[in-house]
Amino acid sequence: MDNNPDYSAPPLPTSSADTPETDVAREAAGRSRRAFIVGGLAALAGVGGWRWLLTRPADEGTPWPFRRVLDANGRLSQAYFRETRLAPTFPKSMATSRQNGNIGLKESFVTADWRMRVQAYAPAGAPARVQEFTLADIKALPRVDMTTELKCIEGWSIKVNWVGARFSDFLEKYPLATANGREARYVSVVTPDKAYYVGLDLSNAVHPQTLLCYEMNGQPLTSPHGAPLRLVIPLKYGIKHLKRIGTIAFVDERPADFWAEQGYDWDSGH
Ligand SMILES: Nc1nc2c(c(=O)[nH]1)N[C@H]1C(S)=C(S)[C@@H](COP(=O)(O)O)O[C@H]1N2
Ligand SMILES: [Mo]
């Protein structure tokens with residue numbers, strides 16, 4: 001358990017295989033041969049990500065060639081998040097459960113002592129500020145009930161009924177992602193023991209179906225499913241649905257991400 005008041009920062013950003021921003025900019029401008037090669041490689045690396053697009057109806061938005069450009073720029077799923085794309089929802093009667101992954105859940109844990117520790121965005125060396133929240137604080141936010149698909153990157157998927165607060169409602173009430181007229185680019189979410197951690201673009205975190213979730217299939221979350229509070233983000237694979245939130249931090253550097261470090265796509269949208 002990690003309820004002591006000394007907040008220690010989540011793991012440092014990790015390097016990733018993604019095209020650096022500078023290359024993306026050059027590629028977009030079409031200015032150099034190197035940029036062209038980078039673009040070609042990005043397109044090849046993106047092939048797996050095309051599966052989703054291939055199954056979309058043609059009328060869903062941007063035509064193919066333009067999508068290709070977005071993909072090469074590494075901004076495809078973010079673009080979809082910014083648009084109003086919603087994950088499909090299902091009748092609650094279709095909900096089932098299956099447990100997978102227990103990294104960060106191994107310590108014995110007293111839910112009553114739990115606090116969510118949130119490190120506010122602190123651009124340009126502004127002093128770090130940490131605010132603590134109880135489960136009651138989260139439950140006081142508007143209650144959202146939805147049944148969506150949980151897709152594990154290992155290849156299975158189930159429908160699950162989730163109840164929780166929208167991440168965006170949390171930020172509306174507690175504007176911890178903005179400071180000095182600026183907005184953090186990324187969110188880091190880490191288990192209390194820091195063993196499991198995910199990074200998200202802030203734009204994805206504020207999607208209307210991204211929840212701070214405390215009930216699953218009509219019951220309070222159980223420990224193996226991430227009690228007392230977990231992340232639910234249906235437009236991304238299960239790996240991003242971090243169970244048992246300990247700390248959240250709003251930052252400008254791409255945060256560390258457990259499975260991205262093992263070679264999985266950092267964005268992991270589907
Ligand atoms: N803390 C933590 N959260 C986690 C994991 C984990 O190992 N540890 N596994 C992830 C994976 S791979 C999946 S598919 C989902 C599964 O959620 P469930 O066990 O509630 O079905 O949790 C995700 N969240
Ligand atoms: Mo998973």
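This is a predicted model: local features need pLDDT of at least 70, side-chain atom pairs count only at pLDDT 80 or more; totals for chains, interfaces and linings use all residues.
User: How do the residues of the lining of the second largest pocket divide, and which of them lie nearest its centre?

Analyst: The lining is made up of 23 residues, which divide into 11 nonpolar, eight polar and four charged. Those that lie nearest the centre of the second largest pocket are Asn100, Gly101, Tyr196, Gly238 and Ile239.

User: Which residues come nearest to ligand 1, and how does the shell around it divide?

Analyst: Around ligand 1 there are 17 residues, of which Arg98, Ile103, His225, Arg230 and Lys243 come nearest. The residues of this shell divide into six nonpolar, eight polar and three charged.

User: What is the distance from the polar side-chain atom of Lys243 to an oxygen atom of ligand 1, and how much of the ligand does the protein bury?

Analyst: On the backbone side, a polar atom of Asn100 is 2.8 Å from an oxygen atom of ligand 1, while a backbone N or O atom of His241 lies 2.9 Å from a nitrogen atom of the ligand. For Lys243, a polar side-chain atom lies at 2.6 Å from an oxygen atom of ligand 1. Taken alone, ligand 1 exposes 530 Å², and the share of that area buried by the protein is 98%.

Definitions and conventions
Residues are numbered from 1 along each chain as its sequence is written. Chains are lettered from A and ligands numbered from 1 in the order in which they are written. Side-chain values use heavy atoms; hydrogens and water are left out. On a 1 Å grid over the protein atoms alone, a cavity is a set of points where a 1.4 Å probe fits but cannot get out, and a pocket is an open set with protein on both sides within 12 Å along at least five of seven lines; lining residues have an atom within 4 Å of a point. Ala, Val, Leu, Ile, Met, Phe, Trp, Tyr, Cys and Pro count as nonpolar, Asp, Glu, Lys and Arg as charged, and the others, Gly among them, as polar. A residue is near a molecule or strand if one of its heavy atoms lies within 4 Å of it. A polar contact is a pair of N or O atoms within 3.5 Å; within protein, one must be able to donate a hydrogen and the other to accept it, and residues adjacent in sequence count only if both atoms are side-chain atoms. Accessible areas come from the Shrake-Rupley method with a 1.4 Å probe; for residues, only the protein chains shown count as cover.
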